[in-house]
Amino acid sequence: MTTSESMPISAPTAVLVIDTRGDVIGWTPGAEELLGYRAAEVLNRSGALLIMPERAAAWDAEYGGQETWSGFAEFRHRDGTRILGHVEGTRLVTPGEEPAWLVAVTPATAGASGRAYSWVEPLIRRTPVAMAIWDHDLRCVWLNTAAERLRTVFPWYRLGRSLTEPLPGTHTEAMQETARQVLASGVPHLDRETRWTSPDRREDRTLSTSLFRLEGVDGRSLGVCTLTMDISHSRSRDRLALLREASVRIGSTLDVRKTAQELADLAVPVLADYVTVDLAESVFPHAEPLQRLAATEMSIPVFRRAGVASIHDGNPESLWPLGQAVFVPPSSPFTEVLSSGRAHFEPVLNTSSGTWLEQDPDRAAVIHDTGMHTLIIVPLQARGDILGVAVFVRTDNQESFTRDDLILAEELGARAALSLDNARQYTRERTAALALQRNLLPSNLTGGDAVDVVSHYLPSDAHDGVGGDWFDAIPLRDGRVALVVGDVTGHGINAAATMGRLRTAVRTLAYLGLPPDELLAHLDDLVVRLAEEDAGPDGFPDAAGATCLYAVYDPATRCCTMAAAGHPPPATVTPSGAVTFHRPPSGTPIGLGLGSYGSLDLELAEGSLIALYTDGLIETREADIEAGIDRLGGVLARAAALPLDRICRTIIRGMVGDTGAEDDVALLVARTR
């Protein structure tokens with residue numbers, strides 16, 4: 001189908017008369033101008049010559065009971081083109097008292113001077129929603145003023161231009177497909193969101209377009225109408241964007257203070273001008289208990305300030321800095337939210353006499369001075385526990401909070417509360433695991449008369465909890481000493497507990513005087529048996545793997561015998577400063593049940609260093625273990641001449657630096673006497 005592209009904006013209105021049989025019995029110059037037929041060519045002939053489909057005779061059956069009706073229809077021009085027009089029908093009686101219809105046809109391309117849509121047309125033209133009508137060829141046949149203003153974003157908003165017409169730098173394939181689906185099915189497509197960026201990338205717009213099928217007076221599909229809104233600055237869109245951002249920004253770390261601050265920063269200024277996040281003492285395991293703080297005559301310490309943000313520099317609305325105890329009256333919205341678990345919503349903040357603010361003159365003064373006028377207090381509740389409250393206030397923004405604002409604040413609070421609870425649980429477990437591990441690690445290492453020994457343990461900041469790294473120095477009979485470093489798979493309390501069991505087992509086996517390779521074989525067998533005994537309900541043993549390096553040094557012979565179970569190679573440094581990494585025969589990690597280990601004998605001169613370590617010292621995301629071993633060799637060469645008590649700190653600083661370890665580090669250094 002083609003459509004005339006030369007139709008003038010002020011196209012004429014065609015007036016014709018059709019009788020109940022569908023024959024044309026009246027014709028006007030406007031009809032001739034619009035449709036191209038002279039009166040002699042159409043009078044007393046069927047309206048099927050003009051109207052598509054041939055339904056003119058059916059109008060009387062459909063609208064015979066009405067005095068007037070209107071709708072859309074397609075008409076044939078004499079040159080074969082098709083014209084989409086708005087039809088207004090009025091019942092009349094001919095001189096022969098025969099019923100007929102007076103039909104006025106205005107093309108959809110008619111401008112404001114035409115009769116299209118009568119009195120409704122000016123309203124449609126001035127609506128802020130961009131409206132356009134597209135025919136079956138997806139060619140624009142009508143548009144309003146708002147659509148014309150969007151022409152820089154969507155250049156197809158021009159009469160006669162088709163969506164299928166290619167334009168440089170633009171694509172409409174998706175829109176074409178959607179429009180054809182709507183034409184075929186009649187099912188509207190609502191809220192189709194598209195993004196537009198200006199060529200200089202300085203302007204971004206987001207458009208929401210809805211499409212519905214335009215049907216003629218006979219119910220036949222005539223085209224598609226599009227309704228487009230610029231939602232770049234839509235309030236609803238801003239709220240959705242805020243929630244999307246909250247899922248990314250809130251809880252980015254397992255630190256309760258950072259999580260609280262993320263919530264405050266996110267909500268200002270999109271939702272509020274001033275936000276505080278105050279948490280209960282249960283969230284801060286190491287803080288001074290609030291009950292030890294002295295209450296005032298009117299207020300008691302209930303929270304600690306964990307987050308604060310304001311549109312004003314310096315947070316002038318805040319009575320308490322970060323980390324300090326927050327005092328509130330016993331009877332106040334804050335304590336009510338804490339006890340009930342329900343939000344406090346005060347669209348107009350009541351500062352009159354007789355309210356709870358009389359018990360809190362300091363807060364009342366700040367409210368007066370800063371112009372606080374609307375308030376929301378949301379409980380931070382997760383897994384049945386109330387962790388604190390988030391307070392949202394407006395000062396410069398004169399709009400009061402609405403119920404929608406309350407819902408948004410509650411949603412932000414709920415998301416933050418889950419992150420806070422995760423951080424709290426992590427902190428608790430990490431604290432417990434650290435305490436367990438430190439209690440299980442030896443506090444007073446001694447190398448007997450054989451070696452001087454020092455150690456260092458560095459927990460990681462990159463995992464869910466501490467790991468199962470351990471070290472030990474075990475004086476044996478005949479003046480010998482055993483040096484041990486191991487690393488249990490996994491992190492957290494379970495790894496620390498497993499580490500304690502393995503350390504005890506190694507000590508027990510060491511006291512039996514077993515050589516290193518046999519000791520590791522017995523340890524491997526023991527771990528497998530323990531795992532089988534502790535098998536879960538499904539009958540499968542829990543994995544409890546570990547790597548280990550076990551060395552025995554005999555000062556009488558200066559011989560050091562060592563064996564490794566999947567562990568990084570130990571290093572020795574001669575008195576002259578030569579660094580060597582020794583690789584005992586390869587052995588599998590402990591707990592696989594494949595225990596077959598070999599040993600390596602070394603002769604160490606007096607004053608030699610032996611360095612045993614776990615992989616956290618040498619392995620990073622950017623470099624593999626071999627690269628880490630090379631780096632460690634250089635650090636050892638520089639540190640070997642230092643006093644023993646400074647060597648460990650120097651090695652850790654040289655390998656880890658100030659960035660923190662990616663994995664737990666255990667380091668054991670001995671110097672032969």
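Biologist: Before we count aromatic pairs, what has to hold for two rings to pair?
Modeller: Rings of Phe, Tyr and Trp, with Trp taken by its six-membered ring, pair if their centres lie within 6.5 Å. Planes under 30 degrees apart count as stacked, over 60 as edge-to-face, and the rest as tilted. Bear in mind that this is a predicted model.

Biologist: How many aromatic pairs does that rule give?
Modeller: The count comes to 5 aromatic pairs. One of them is Trp134 with Phe154.

Biologist: How are the rings of Trp134 and Phe154 set, edge-to-face or stacked?
Modeller: Edge-to-face. The centres are 6.4 Å apart, with 85° between the planes.

Biologist: Which parts of the chain does that pair tie together?
Modeller: Trp134 lies in strand E7, residues 130-135. Phe154 is in the loop between helix H5 (145-149) and helix H6 (173-185). So the pair links parts that are 20 residues apart in sequence.

Biologist: Are those two buried or exposed?
Modeller: Trp134 is buried, and Phe154 is too. For Phe154 the relative accessible area is 16%, and the cut-off for buried is under 20%.

Biologist: And why is the pair of Phe154 and Trp156 called tilted?
Modeller: Their planes are at 50°, so the pair is tilted. The ring centres are 5.2 Å apart. Trp156 has 3% relative accessibility, so Trp156 counts as buried.

Biologist: Which residues make up the aromatic cluster there?
Modeller: Trp134, Phe154, Trp156 and Tyr157 form one cluster.

Biologist: Switching to pockets. What lies nearest the centre of the largest pocket?
Modeller: Val153, Phe154, Trp156, His171 and Trp196. Phe154 and Trp156 also belong to the aromatic cluster. In total, 26 residues line the largest pocket.

Biologist: How much space is in the largest pocket?
Modeller: About 480 Å³.

Biologist: Which elements give two or more residues to its lining?
Modeller: H6, strand E9 (189-197), strand E10 (204-215) and strand E11 (221-230). E9 gives the most, with 5 residues.

Biologist: How does the lining of the largest pocket divide by class?
Modeller: There are 12 nonpolar, 11 polar and 3 charged residues.

Biologist: Which residues are closest to the centre of the largest cavity?
Modeller: Tyr274, Phe334, Arg363, Met372 and Val391, out of 17 lining residues.

Biologist: Which elements give two or more residues to that lining?
Modeller: Strand E12 (274-279), helix H10 (361-370) and strand E17 (385-394). H10 gives the most, with 3 residues.

Biologist: What is the make-up of the lining of the largest cavity by class?
Modeller: The lining has 12 nonpolar, 2 polar and 3 charged residues.

Biologist: Where is a peptide bond cis here?
Modeller: From Val268 to Pro269, with omega near 5°. Pro269 lies in the loop between helix H8 (256-267) and E12.

Biologist: Which residues have a positive phi although they are not glycine?
Modeller: Asn315 is one of them, at about 50°. Arg383 is another, at about 55°.

Biologist: Where do Asn315 and Arg383 sit?
Modeller: Asn315 is in the loop between strand E13 (300-310) and strand E14 (325-328). Arg383 is in the loop between strand E16 (374-382) and E17.

Biologist: How accessible are Asn315 and Arg383?
Modeller: Asn315 is partly exposed, with 25% relative accessibility. Arg383 is exposed, with a relative accessible area of 57%.

Biologist: What is Leu418 in contact with, leaving aside neighbours within four places in sequence?
Modeller: Ala382 and Arg383. Leu418 itself is in helix H11, residues 403-440. Its relative accessible area is 43%, so Leu418 is partly exposed.

Biologist: How far is the C-alpha of Leu418 from that of Gln381?
Modeller: The two C-alpha atoms are separated by 7.7 Å. Along the chain, Leu418 and Gln381 are 37 residues apart.

Biologist: Last one. What lies over the face of Trp101?
Modeller: Arg91, at 5.0 Å from the ring centre.

Technical notes: Residues numbered from 1 in each chain as written. Predicted model: local features only at pLDDT ≥ 70, side-chain atom pairs only at ≥ 80, totals over all residues. Heavy atoms only, no water. Helix = DSSP H or I, 4+ residues; strand = E, 2+ residues; numbered from the N terminus. Buried < 20%, exposed > 50% of the residue type's maximum accessible area, 1.4 Å probe, protein only. Lys NZ or Arg CZ within 6 Å of the ring centre and 35° of its normal. Contact = heavy atoms within 4.5 Å. 1 Å grid on protein atoms, 1.4 Å probe; cavity = no way out; pocket = protein on both sides within 12 Å on 5 of 7 lines; lining within 4 Å. Nonpolar A, V, L, I, M, F, W, Y, C, P; charged D, E, K, R; others polar. Points joined across faces, edges and corners; volume = space filled by probe spheres on them.
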